Amino acid sequence: RVRPWYMNTISTNQVVFSEPYITKVSNELVFAVTKSVMKGDEKIGVASLTVKLEDLMKDINKLKNGRTGYINILSPQNVFINSPYNSRQDTFADRVV
């Protein structure tokens with residue numbers, strides 16, 4: 001395995017949130033939540049949950065935080081993925097190529 005999400009996860013025992021990336025299969029913007037899998041003291045692989053950013057942003061944008069609050073989503077590298085100040089939903093996708 002050479003994909004970054006796999007390599008970043010197999011080297012730690014922590015849950016890892018990937019930077020957003022475009023999938024090779026569906027060509028969609030996603031991020032992965034991953035954790036190494038242990039058998040005894042040996043790492044035998046990685047469990048991964050892939051989340052479509054489009055779906056997450058739609059759900060987040062429906063939420064209200066008080067009267068005037070809002071929710072921002074930042075990548076692990078502190079890049080804004082979703083913000084009410086973005087007029088376009090694909091702002092982050094334009095950067096990932």
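Start with the largest pocket, which has a volume of about 300 Å³. On a 1 Å grid over the protein atoms alone, a pocket is an open set of points where a 1.4 Å probe fits, with protein on both sides within 12 Å along at least five of seven lines, and lining residues have an atom within 4 Å of a point. The volume is the space filled by probe spheres set on the points. Select Arg3, Pro4, Trp5, Tyr21 and Ile22: of the 14 lining residues, these are the closest to the pocket's centre.

You're looking at a predicted model, where local features need pLDDT of at least 70, side-chain atom pairs count only at pLDDT 80 or more, and totals for chains, interfaces and linings use all residues. Numbering runs from 1 along each chain as its sequence is written, and side-chain values use heavy atoms, without hydrogens or water.

Next, colour helix H1 (4-10), which gives the most to that lining, with three residues. Helices (H or I, at least four residues) and strands (E, at least two) are DSSP runs, numbered from the N terminus.

Now move to strands S3 (29-39) and S4, which run antiparallel and are joined by 10 bridges. Zoom in on the turn of their hairpin: two residues sit between the strands, and Gly40 there has a positive phi of about 70°.

Last stop: Leu53. Leaving aside neighbours within four places in sequence, Leu53 is in contact (heavy atoms within 4.5 Å) with Pro20, Leu29, Val30, Phe31 and Ile81.

Key
Two strands pair if DSSP finds at least two bridges between them.
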